[in-house]
Amino acid sequence: MRFLHTADWHIGKKLHGYDLLENQKAAMEEILAIAKKEAVDAIIIAGDLYDRSVPGIESIELLNKQFIQMNLEAELPILAVSGNHDSATRLATGGPWYKQRNFHLHTTLEEALVPVEFPEVQFFLLPYFEPIAARLYFEDDSLKTIGQAVGRVVEAMASAFDPNKKQVLVSHFFVAGSLRTDSETSVEVGGLDAVPVDVFAAFDYVALGHLHSKNAIKEGKVRYSGSLLKYSLSEINDEKGVWLIDSQTMEPVFQALTPLQDIQHYQASFAELTNPTIYQTLDRQAFWHFEITDRAIIPNMMNQLREIYPFVLTVERTNGHDVVVQTTKKRSKKWHRQLS
């Protein structure tokens, strides 16, 4: 069996105010193309399908269309869980009907304990949850941290393991020792929000969502897929894509995605950036982070740049800039220039 691991689509998310729906649509269509080309038997989406618990109409329409293409038209099974950005209750709507089409979207602990069965693999779909959910479900007040709670859930899952099959966990948590990027929800390393990696020892592969870099952790069989797109400047050098896994080896192979609009960086003077000889060699439709070498004040700088580069994210001064300061002495005004 072959399956594809993706996560953190965050449909509806904006980048410095810019709408990303077309970029997200292109990325999801590329994932479907990869799934068809590689003849995968299932697509895993490890949480954070939406960016908000109450997504906009356009976001809902886009995701619905993509699921129709993947699941109904291409007839690919989907194995998904809700993440911390999703509303588990809203995503659960229609779940019993989805399962009739091999679309398994789990949003509760109770569902997570029943594996989705394939001839060679059992998939356990564990959505994001808070420790109190485990305390109530297991009636165990000793489950204080998310690490303890996930550990108790994994123990319950193990009782359903088929020794003749491989076991894969799909989940959405922060694993202790992982590296974060700026676009993720703030979490504490080692605190209530961290799950020890050894909790997952019983599984043959762990398909995680929550952190936005595929390099967030590399503990062999425990992997983050990374986000669908680059959602912050801290991810400018992070390659986005999906993992492809064959159940015979359980060795993940990374397949990169080609962004519709990439985030790019360029350092130059303002005169160079507005020089046709320079800007005609650049991808002006990309999202840009500029470092300007000028110190002089440039009136209306951002608007001038956006006339050439419509998707400027940020402009940074590499050498600081000149500041004009007004001082008053004995009813007379004196202007002087101060370098900052």
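View 1. Ser59, Leu62, Leu63, Gln66, Phe67, Met70 and Asn71 are the buried residues of α2, where buried means under 20% relative accessible area, exposed over 50% and partly exposed in between, with a 1.4 Å probe and protein chains only. The model is predicted, so local features need pLDDT of at least 70 and side-chain atom pairs count only at pLDDT 80 or more, whereas totals for chains, interfaces and linings use all residues. Residues are numbered from 1 along each chain as its sequence is written, and side-chain values use heavy atoms, with hydrogens and water left out. Helices (H or I, at least four residues) and strands (E, at least two) are DSSP runs numbered from the N terminus. Among the elements that cover these residues of α2 are α1 (21-37), β4 (42-46), β5 (78-81) and β6 (103-106), contact being heavy atoms within 4.5 Å.

**View 2. The length of helix α2 and the residue after it.** The 17 residues of α2 (residues 57-73) should span 24 Å at 1.5 Å a residue, and the 23 Å between its end C-alpha atoms agrees with this; the expected span is 1.5 Å times one less than the number of residues. Glu75, which follows α2, has a positive phi, near 55 degrees.

**View 3. The packing of helices α6 and α7.** Helix α6 (residues 131-138) packs on helix α7 (residues 146-158) at an angle of about 45 degrees, and their axes lie 8 Å apart. The two helices are therefore oblique to each other, since angles under 35 degrees count as roughly parallel, over 145 as roughly antiparallel, 65 to 115 as roughly perpendicular and the rest as oblique. From α6, Pro131, Ala134 and Phe138 meet Ile146, Ala149, Arg152, Val153 and Ala156 of α7.

**View 4. His104 in strand β6.** His104 has its place in strand β6 and is buried, with a relative accessible area of 12%. Leaving aside residues up to four places away in sequence, His104 touches Ile78, Leu79, Ala80, Lys99, Val116 and Leu125. Ala80 is 24 residues from His104 along the chain, and their C-alpha atoms are separated by 6.1 Å.

Conventions
Axes fitted to C-alpha atoms, helices over the stretch in contact; angles between N-to-C directions.
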